[in-house]
Amino acid sequence: MSRMRCGLGIDVHAFAAPEEGRPLMLGGVAVPHDRGLAGHSDADVLAHAIADALLGAARAGDIGKLFPDTDPVYAGADSLALLSRVAEHVRSLGFTIVDVDSVVAAQAPKLSPFREAMRENLARAMAVQVDSVGVKATTTERLGFEGREEGISAYATCLLERTDAA
């Protein structure tokens with residue numbers, strides 16, 4: 001059995017209607033924008049993609065299995081708190097989080113001013129060093145739903161190391 005495991009996570013959310021007044025949460029940062037993302041929780045696509053990458057590498061299902069959107073307990077939930085719980089779960093399964101890398105695909109808003117705050121928030125939620133967390137942003141050159149500014153997607157990969165005796 002390999003001591004190292006890779007995981008991949010992807011999440012997508014459409015923008016909510018402007019009148020809903022939802023904040024745009026990405027990596028635990030309230031990014032100034034005219035619309036937030038629609039979702040059961042705070043719809044932080046970046047935190048959700050990272051959570052799914054961690055769970056996938058640990059072969060522990062996905063974020064929807066742990067925190068179903070049919071459960072009213074998670075309505076409006078703070079996605080960084082959910083990510084923290086995922087990281088604790090992954091550690092309880094005998095893994096250490098070695099590295100996480102991610103990319104957010106959004107035509108707007110520009111995310112580079114918020115990247116370091118996102119890295120810090122995500123690292124704190126996972127209880128890892130900031131240099132173990134990468135966050136990048138890209139546009140889709142006005143192609144696809146992100147390019148039409150209908151929503152935002154995020155992609156994440158992670159590396160876990162088995163720390164238990166198995």
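Reply: Let us start with a definition: a residue is called buried if its relative accessible area is under 20%, and exposed if that area is over 50%. Please keep in mind that this is a predicted model.

Me: Why is Cys158 called buried?

Reply: Cys158 has a relative accessible area of 4%, and the limit for buried is under 20%, so Cys158 is buried.

Me: What makes Cys6 count as exposed?

Reply: The relative accessibility of Cys6 is 58%, and exposed means over 50%, therefore Cys6 counts as exposed.

Me: How do you know that the sulfur of Cys158 is too far from the closest cysteine sulfur for a bond?

Reply: The closest cysteine sulfur to that of Cys158 belongs to Cys6 and is 7.5 Å away, whereas a disulfide needs the two sulfur atoms to be within 2.5 Å, so this distance is too far for a bond. The structure holds 0 disulfides, and Cys6 is accordingly in no disulfide.

Me: Why is Ser153 called buried, and what does Ser153 touch?

Reply: Ser153 has a relative accessible area of 0%, so the label buried applies. This residue lies in strand S6, and its contacts, leaving aside residues up to four places away in sequence, include Val45, Val103, Phe145 and Glu146.

Me: What makes S1 and S6 paired strands?

Reply: Strands pair if at least two bridges are found between them, and 11 bridges join S1 (residues 4-14) to S6 (residues 151-162), the two running antiparallel; His13, for example, stands opposite Ile152 in S6. Strand S4 (residues 95-105) is also joined to S6, by 10 bridges and again antiparallel, with Ile97 having Leu160 as its bridge partner.

Me: How do you know that the length of helix H3 agrees with what it should span?

Reply: Helix H3 (residues 79-92) has 14 residues, which at 1.5 Å a residue should span 20 Å, and its end C-alpha atoms are 20 Å apart, so the two values agree.

Me: Which residues of H3 are buried, and why are they said to line one face of the helix?

Reply: The buried residues of H3 are Ser79, Leu80, Leu82, Leu83, Val86, Ala87 and Val90. Seen down the axis of H3, they fall within an arc of 155°, and therefore they line one face. What covers them includes helix H1, helix H4, S4 and S6.

Technical notes:
Residues numbered from 1 in each chain as written. Predicted model: local features only at pLDDT ≥ 70, side-chain atom pairs only at ≥ 80, totals over all residues. Heavy atoms only, no water. Helix = DSSP H or I, 4+ residues; strand = E, 2+ residues; numbered from the N terminus. Buried < 20%, exposed > 50% of the residue type's maximum accessible area, 1.4 Å probe, protein only. Contact = heavy atoms within 4.5 Å. Expected span 1.5 Å × (residues − 1). Arc of directions from axis to C-beta.
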